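Please look through the sequence and the structure shown here before reading on.

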Amino acid sequence: MTMRTRTLGTTGPRVSALGLGCMGMSALYGEADRAESLATIHAALEAGVTLLDTGDFYAMGHNEMLIGEALRAAPAARREQALVSVKFGALRDPDGGWSGYDGRPAAVKNFAAYSLQRLGVDHIDVYRIARLDPDVPVEETVGAIAELVEKGYVRHIGLSEVGADTIRRAAATAPISDLQIEYSLISRGIEDEILPTTRELGIGITAYGVLSRGLISGHFTADRQLGAGDFRAMSPRFQGDNLRHNLNLVEALRKIAEQKGVSVAQIAIAWVLARGEDIVPLVGARRRDRLSEALGALDVTLDAADLTAIEEAVPPGAAAGDRYPAAQMAHLES
């Protein structure tokens with residue numbers, strides 16, 4: 001496997017064709033093994049993965065400290081090639097609850113100061129608010145990040161889960177390198193307005209949820225028991241009839257994968273890779289075996305017949321259930 005590279009928009013850095021989303025190593029998907037998490041980050045760096053994605057609110061800073069520890073222990077060459085993308089702005093409480101988002105300029109700089117310390121770096125490669133603060137114009141939030149760019153604390157400005165109008169307003173304020181947003185075979189909402197807008201403006205896409213939190217990985221089963229701390233236990237797509245319907249889609253996809261001699265996860269990731277050179281899928285592997293499987297998608301070539309078969313097996317809008325519970329959907333523009 002040879003790691004290919006892609007560019008995060010016209011103003012962003014050159015990164016590996018796949019990025020590693022590290023959230024699951026700390027939060028929202030049940031217990032994770034710390035040693036295995038560190039080993040997985042190191043294996044990703046060794047394989048040529050350069051983009052590591054996190055959020056300062058993932059387990060209240062735990063994920064940033066985990067990445068910082070992994071980077072300190074990595075060989076110098078691998079450490080230097082690593083690019084860290086950080087989301088900020090989500091407000092938490094000691095009980096693990098969520099209290100909205102803060103995009104005020106003073107808060108932006110405060111969040112960045114803590115992230116730099118936890119990560120053990122002198123700059124953040126891509127910095128973005130996780131969700132738009134409805135009480136603060138995006139121009140003010142992006143303007144504050146631009147000031148951090150001027151001072152060298154941030155290299156590139158990103159956005160996360162915002163709509164076409166907000167993207168345009170942000171891009172008129174400062175150069176935007178990248179939009180992070182959910183995109184997969186069963187989450188294709190960006191195709192109507194958002195993706196055409198980012199392509200018009202030269203903004204890249206980092207696609208998270210490419211396996212829909214494991215739902216279309218080929219490994220999830222209807223009888224799997226989810227712990228109370230697992231986000232999927234309250235995710236609409238993992239509930240009752242929705243889950244059964246969605247797993248039927250996975251079985252249709254499995255038939256295509258088997259014909260090509262690849263796994264379901266690999267064909268799902270390869271489909272996202274095939275959507276354009278401006279899209280970098282983030283894989284949320286927490287273990288080295290899952291990372292190895294995901295990296296195998298780079299060797300999967302989908303021809304026109306394959307893509308047609310995939311579209312027939314999992315057509316747009318085929319998924320049952322929203323991608324987040326109603327309370328969280330309210331914070332999304334897309």
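## Helix α1

Helix α1 has eight residues listed here as buried, that is, under 20% relative accessible area, with exposed meaning over 50% and partly exposed in between (1.4 Å probe, protein chains only): Glu36, Ser37, Leu38, Ala39, Thr40, Ile41, Ala44 and Leu45. These buried residues pack against the strands β3 (19-21) and β4 (51-55) and the helices α2 (62-73), α3 (76-81) and α10 (288-295). Contact here means heavy atoms within 4.5 Å. Helices (H or I, at least four residues) and strands (E, at least two) are DSSP runs, numbered from the N terminus.

The helix covers residues 34-47, and its end C-alpha atoms are 20 Å apart, which agrees with the 20 Å that its 14 residues should span at 1.5 Å a residue. The expected span of a helix is 1.5 Å times one less than its number of residues.

## Basis of the model

The model is predicted: local features need pLDDT of at least 70, side-chain atom pairs count only at pLDDT 80 or more, and totals for chains, interfaces and linings use all residues. Residues are numbered from 1 along each chain as its sequence is written, and side-chain values use heavy atoms, with hydrogens and water left out.

## The chain as a whole

The protein chain contains twelve helices and twelve strands. Its C-alpha trace spans about 55 × 40 × 40 Å along the principal axes. The radius of gyration is 19 Å, which agrees with the value near 20 Å that a compact globule of 334 residues would have. That radius is taken over C-alpha atoms, and the globule rule is 2.2 Å times the number of residues to the power 0.38.

Of the 334 residues, 57% count as buried. Among contacts with a separation of 6 or more, 75% come from residues 24 or more positions apart. The chain exposes about 13900 Å², and carbon and sulfur atoms supply 50% of this area; accessible areas come from the Shrake-Rupley method with a 1.4 Å probe, and for residues only the protein chains shown count as cover. The mean positions of the 34 positive and 44 negative charges are 3 Å apart. Lys and Arg count as positive and Asp and Glu as negative, while His and the chain ends are not counted. The place of a charge is taken as NZ of Lys, CZ of Arg, CG of Asp or CD of Glu.

## Helix α8 and Ile256

Helix α8 has 21 residues and reaches 31 Å from its first C-alpha to its last, close to the 30 Å expected at 1.5 Å a residue. Its buried residues are Leu243, Asn246, Leu247, Leu249, Val250, Leu253, Ile256 and Ala257, and they pack against α9 (264-273) and α11 (304-313). After α8 comes Gly261, whose phi is positive, near 75°.

Ile256 lies in this helix and is buried, with a relative accessible area of 9%. Not counting residues up to four places away in sequence, Ile256 touches Ile267, Ala309, Ile310 and Ala313. The C-alpha atoms of Ile256 and Gly152 are separated by 48 Å, and the two residues are 104 residues apart along the chain.

Asp125 lies in strand β8, which covers residues 124-129, and counts as buried at 7% relative accessibility. Leaving out residues up to four places away in sequence, Asp125 touches Ala82, Leu83, Val84, Arg155 and His156. Asp125 and Arg155 are 30 residues apart along the chain, yet their C-alpha atoms are separated by 4.8 Å.

Gly321 is found in the loop between α11 and α12 (326-329) and counts as partly exposed at 27% relative accessibility. Apart from neighbours within four places in sequence, Gly321 is in contact with Pro236, Arg237 and Asn242.

Most residues other than glycine have a negative phi. Glu161 is not a glycine but has a positive phi of about 50°. Glu161 is placed in the loop between β9 (154-160) and α6 (164-173) and is buried, with a relative accessible area of 0%.

Arg213, also not a glycine, has a positive phi of about 60°. Arg213 is found in the loop between β11 (204-208) and α8 (240-260), and at 13% relative accessibility Arg213 counts as buried.
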